[in-house]
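Please look at the structure below and follow the text with it in view.

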Amino acid sequence: MARSNEVNLNECKMVVPLNTWVLISNFKLAYNLLRRPDGTFNRHLAEFLDRKVPANANPVDGVFSFDVLIDRGTSLLCRIYRPATAEEPQPNVAELEKPVAAEVVPVIIFFHGGSFAHSSANSAIYDTLCRRLVGLCKAVVVSVNYRRAPENRYPCAYDDGWTALKWVNSRPWLQSQKDSKVHIYLAGDSSGGNIAHHVALRAIDSGIDVLGNILLNPMFGGQERTESEQRLDGKYFVTLRDRDWYWRAYLPEGEDRDHHACNPFGPNGRSLEGINFPKSLVVVAGFDLIQDWQLAYVDGLKKAGQEVKLLYMEQATIGFYLLPNNNHFHTVMDEISKFV
Amino acid sequence: MPLYDSASSSAGSCSGSSSSSSSSKPPPPPPLQQDIDGLLAVAGYKIRSSELRQVAQRLERLETAMGNSPADFSQLASDAILYNPSDLAAWVDSLLSEFAQPPTCSSEFIPGPVNNGSTTAESHTPPVQQNITYEQRTLDNQLTVVTATEEDSGIRLVHMLMTCAECVQRGDFSLASSLINDMQGLLARVNTVCGIGKVAGHFIDALSRRIFRGIGGGSVGGGGYAFESEILYHHFYEACPYLKFAHFTANQAILEAFDGHDCVHVVDFNLMHGLQWPALIQALALRPGGPPLLRLTGIGPPSPDGRDSLREIGLRLAELARSVNVRFAFRGVAASRLEDVKPWMLQVNPKEAVAVNSIMQLHRLLGPDPIRNSPIETVLNWIKDLNPKILTVVEQEANHNQPSFLDRFTEALYYYSTMFDSLEACRVQPEKALAEIYIQKEIGNVVSCEGSARVERHEPLAKWRRRLSGAGFRPLALGSNAFKQASMLLTLFSAEGYSVEETEGCLTLGWHSRPLIAASAWQAVAEAGSSAACVG
């Protein structure tokens, strides 16, 4: 057994830069410490280990951020990232919510990853990613600090996403000059991608327009074991066992992975035919073991007549978008800026 | 009310970043640090590029070991005490060595803080629930609903406060005073029971004192101050978890530092009612192998009315110690200012293990001018000469000592509105009202005082790190056990919304992701001879 482990580790090291390998392996190691076999989660240790950064109203590289409590009942925080304007290089406290200036300002509601259990809006890796998105898309980014599993199961994360969507949509200062409406995009990686899909779904009959969904390695699954899951299990940082653990932690007790939260185009899913669903940009990494589910998702959207663009990054592993040291990163960032 | 973060310095991994108001780039790092992997630094990890390969190998070894004996690994997770996850190389190494040698004892605990100065001995169960005098806040909808117009007025108030402060900085006092009038009018239309209205009121008061009475100090200072401030302190202690966190975290570190020592001596820079010490006394009583001889030297202002209040507190603590069979000796040192204390007054015995404990006192030593042999340098030097096993430092996590008045004002407005926000959760009176007065006095000092009268010169953790390192101290990381217990303490005593964070070996307590108070531990860099490190 040890031998095949060695082979795995070596293969994996060939396809990512060394610092990426160290970063993701470290996460993997830490996450293994946190998941208990009985389904509980060592939350204290998780918070201790997570590297966080405070918000910063001083612009850094042209982006400043501040935290807003949008729902007292659930202590729901969002971190808002805005571009610093040329005339006001340093906003003061009263001007953080100054109206956006341009004709059209995209507002990207971002849901961080972590398989529903890990990370926060103020995790360093996600703070960095959100800042990048601001510059890339000339957008305001709202990163949602949704409640996590296993303490808060389905549908808490979706509820929080929905609360955030309503909040963003009702901010006068986020309205684009052109039409006095908020131009909203939903985005997320891993579990965040899953949340983006489900929040878009909830928005459909609500009158809130979502202009687009950006899903980076979205987390989907199902009861069946697919070919990619079997082929790639344990090879590139992720195992089927840990995927199963996270679904058990998020889905309602007693439910299996064909629950519609996990498998939106599965036996319990809702048909999207004829529905006004936003256009989607879906990024799939070639070394991600759940790619068959992600590709099935894209197929599902296509079959329902929905607009979807698939970016399949053959040589990419999970988390490639966290560090800007590889080509996939730049390709994806380009596509995102074109999409928004 | 939205929470804003004001001009705070950027993330800790960026060395040398200044806390000045301009968004200047940080100065280039010193040569050694240029080898630090920049991308991982941004992700919160400090590791040299040259070490990457080595760390990768060790991660692989850990992984293999984990695969071979998963049961040991999950044991590791629950028992091991981990430190400073940012230092990736050290962290991986410590995991590897933990794995090679399983931990021998479960992590120690300290009984939770108690509500009055003396209690009876408790059995060794996790933090006790008796003596709690206020109920936990429930997620309720009794909070005042803020209407849209109120929110607008609130934002206008903030805007006007900033403009007024700017006028004050410029010296345009006539405009400033007319703004004060306008703001007081606006205040009448805003709900001053909670939220921005309440905080704004205090800032308007402080500004107007500065304008109309000059910067001599207003109501701060004076004879009755010491006694009054003790009462306010006590209620601040009860109403919110900041001081409890400070005491608890410091005690945990002190307990670890005293491990294996039979004669220990704690020097407390501000005894107050001695609220911190019953818990330590009890923890020492329960120490495996028996308690040490404990000496406590408490520093505090002289009592105005001739009472020896220090001695009274010492007597109460002695009673408690006797009841739990801890040999105890107390000494009070009366001094109106910390810099008046001379080391010989502490009568430290060279054979003792010494802990120096400073809860929100060091910032008072930062004098108005950065002169040579400033009080802070003097005091840090004699602390070092005592060769303590540990120096515990808790400070407000705020940048209230910037040269520009407007910057200080802005920072304070944000900091204290966050703190007031957190206080909303407290339902007990008169604790809450008096705690607010306590905070109000701090605001008054930061905003309306200057020169030697301004003693609330808070500086952020990053600055304290530099200062203490520069003065010859090295950091002792606070570990995952301290973190866990602080988190558990919060759930027991406080409302949702508080968060404990670990940042490079220090712990911070904050409200809704804004850190408000930071705890750290230090040791003098050893000259000759070893000192037992208490890390790992």
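Across the interface of chain B and chain A, 7 residue pairs are in polar contact, counting pairs with both residues at pLDDT 80 or more. On the side of chain B that touches chain A, the elements that each supply at least two residues include α2 (52-68), α5 (148-170) and β7 (498-503). The largest share of that side, 11 residues, comes from α2(B). By type, the residues on this side of chain B divide into 34 nonpolar, 21 polar and 11 charged. The model is a predicted one.

The contact involves 66 residues from chain B and 55 residues from chain A. Between them the two chains bury about 5,500 Å², and carbon and sulfur atoms give 66% of this area. There are also 3 salt bridges across the interface. One of them links Lys28(A) with Glu63(B), whose closest N and O atoms are 2.5 Å apart.

Now turn to chain A. An unreviewed UniProt entry places the feature "active site" at Ser190(A). Ser190(A) is in the loop between β5 (183-189) and α6 (191-203). Is this residue buried or exposed? Ser190(A) counts as buried because its relative accessibility is 13%, under the 20% cut-off. Beyond its sequence neighbours within four places, Ser190(A) is in contact with residues including Gly113(A), Ser115(A) and Met219(A).

Ser191(A) lies in helix α6 and is buried, with a relative accessible area of 0%. The side chain of Ser191(A) reaches the backbone nitrogen of Ser115(A) at 3.3 Å. The side chains of Ser191(A) and Tyr146(A) are joined by a polar contact of 3.2 Å.

Technical notes. Residues are numbered from 1 along each chain as its sequence is written. Chains are lettered from A and ligands numbered from 1 in the order in which they are written. This is a predicted model: local features need pLDDT of at least 70, side-chain atom pairs count only at pLDDT 80 or more; totals for chains, interfaces and linings use all residues. Side-chain values use heavy atoms; hydrogens and water are left out. UniProt positions are given in the numbering used here, feature names are shortened, and annotations may be inferred rather than shown by experiment. Helices (H or I, at least four residues) and strands (E, at least two) are DSSP runs, numbered from the N terminus. Buried means under 20% relative accessible area, exposed over 50%, partly exposed in between (1.4 Å probe, protein chains only). Contact means heavy atoms within 4.5 Å. A polar contact is a pair of N or O atoms within 3.5 Å; within protein, one must be able to donate a hydrogen and the other to accept it, and residues adjacent in sequence count only if both atoms are side-chain atoms. Buried area is the accessible area (1.4 Å probe) that two parts lose on being put together, summed over both. A salt bridge is a side-chain nitrogen of Lys or Arg within 4 Å of a carboxyl oxygen of Asp or Glu. Ala, Val, Leu, Ile, Met, Phe, Trp, Tyr, Cys and Pro count as nonpolar, Asp, Glu, Lys and Arg as charged, and the others, Gly among them, as polar.
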